[in-house]
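Notes follow in the order I looked things up.

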Amino acid sequence: MHILVTNDDGVQAPGLLALAQAMRKLGRVSVLAPDKNWSACGHVKTMSRPLRVNETRLADGSPALACDGAPSDCVALALMGVIEEPVDLVISGINPNANLGLDVTYSGTVTAAMEASINGVMGIAVSLEIPADLQGAPDFMTAATTAAELARQLYAAPRRAARQPIWNMNLPYRPNGDYAGVQITRQGVRIYQDALDKRLDPRGHPYYWIGGDHPTGRDDEGTDFGALVHGFISLTPLRMDMTDPDGLEDAPELSLN
Ligand code: MN
């Protein structure tokens, strides 16, 4: 089995190192990831400039490839031939914040998994809800080991022909591994607390930060957010067909005259 590991935090992020190390127990691992942080970049296809791929090494000395494109660019390049050996599974992360509810539309971690599916390969996004008040360096290894074991089971499970699933995995922060369990979930409701922070540059011109507090969410049963709140690992199967069935049902009669 040949596994591509990528992320949206940059190839040198500690979450990627832990995930790459854990995935080596499942098969051969190649790493192709962005050379900088692309968090919250959404689904990107870079078409207006060339993309460069450079050889680098992870902190454990293992070889990796760094690209100046977005996470989804990295996956597309890898699967279109930059990595010659066919890839069986793409796994993205570990992102140092959960991706819940509508976060999936912003998340570079998740769009890397989406890009895998578009290119005919199963994709798994892995995110870890690290407490905001955590002191010191977070532990990614426990989550990585658990994510790798779940990825093994997801990959081995029977699935419909011609379907390349996208899984959004979120883990609560449990360095001792004392998870409440695993839940298959649907996207929950995120509550954003974004606030506009307007400042003035040295010449008196305004500029803006999208700031505010960390998003919260609604503790609904069966949702990704609800699972995490109660200490469960959340696994949400995603699809990219965003057609709204209610919209189809409720659409008005339209005419051109
Ligand atoms: Mn990120």
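This is a predicted model: local features need pLDDT of at least 70, side-chain atom pairs count only at pLDDT 80 or more; totals for chains, interfaces and linings use all residues.

I started with the largest nonpolar core, which has 38 residues; Val5, Met23, Val31, Ile91, Ile124 and Met169 touch the most other members. Helix H5, residues 141–156, gives this core its largest share, seven residues. There is also a second, separate core of 14 residues, with Leu32, Cys67, Ala78 and Val87 among them.

I then listed the contacts of Val5, skipping residues up to four places away in sequence. Val5 touches Leu16, Leu19, Ala20 and Met23, then Val29, Ser30, Val31 and Leu32, and also Ile91.

Next I checked strand E4, residues 63–67, for burial. Four of its five residues are buried, so I noted E4 as mostly covered.

Which strands pair with E4, and in what sense? Strand E2 (residues 28–34) runs parallel to E4, joined by three bridges, and in E4 it is Ala66 that stands opposite Ala33. Strand E3 (residues 53–57) pairs with E4 in the antiparallel sense over five bridges, with Val53 opposite Cys67. E3 and E4 form a hairpin with five residues between the strands, and there Gly61 takes a positive phi near 90°.

**Manganese site**

Which residues coordinate the manganese ion? I found Asp8 (OD), Asp9 (OD), Ser39 (OG) and Asn95 (OD1), at 2.1 to 2.2 Å. I wrote the donor spacing in sequence as D-D-x29-S-x55-N. Asp9 is in the loop between strand E1 (2–6) and helix H1 (14–23), while Ser39 is in the loop between E2 and E3, so this pair ties together parts 30 residues apart in sequence.

Buried or exposed, I asked of Asp9? Its relative accessible area is 14%, under the 20% cut-off, so Asp9 is buried. Ser39 is at 36%, which makes it partly exposed.

**A look at Asn97**

I moved on to Asn97, in the loop between strand E5 (89–95) and helix H3 (103–106). Asn97 is partly exposed at 32% relative accessibility. Leaving aside neighbours within four places in sequence, I get contacts from Asn97 to Ser127, Leu128, Glu129, Ile130 and His214. I also took the C-alpha to C-alpha distance from Asn97 to Ala132: 9.2 Å, for a pair 35 residues apart in sequence.

**Salt bridges**

How many salt bridges are there? I count seven, and I wrote up three of them.

Asp60 pairs with Arg24, with the closest N and O atoms 3.2 Å apart. This pair links distant parts of the chain, since Asp60 is in the loop between E3 and E4 and Arg24 in the loop between H1 and E2, 36 residues apart. Both ends are partly exposed: Asp60 has a relative accessible area of 33% and Arg24 is at 36%.

Arg49 forms a salt bridge with Asp68, the closest N and O atoms being 3.5 Å apart. Arg49 sits in the loop between E2 and E3 and Asp68 in the loop between E4 and helix H2 (71–82), so parts 19 residues apart in sequence are tied together. Arg49, at 35%, is partly exposed, and so is Asp68 at 22%.

My last entry is Arg199 with Asp197, where the closest N and O atoms are 2.9 Å apart. Arg199 counts as partly exposed at 38%, and Asp197 is partly exposed at 28%.

Technical notes: Residues are numbered from 1 along each chain as its sequence is written. Side-chain values use heavy atoms; hydrogens and water are left out. A nonpolar core is a set of buried Ala, Val, Leu, Ile, Met, Phe, Trp, Tyr and Cys residues joined through side-chain atoms within 4.5 Å. Buried means under 20% relative accessible area, exposed over 50%, partly exposed in between (1.4 Å probe, protein chains only). Helices (H or I, at least four residues) and strands (E, at least two) are DSSP runs, numbered from the N terminus. Contact means heavy atoms within 4.5 Å. Two strands pair if DSSP finds at least two bridges between them. Donors are N, O and S atoms within 2.8 Å of the metal (3.2 Å for Na, K and Ca); water is not among the atoms, so sites may look incomplete. A salt bridge is a side-chain nitrogen of Lys or Arg within 4 Å of a carboxyl oxygen of Asp or Glu.
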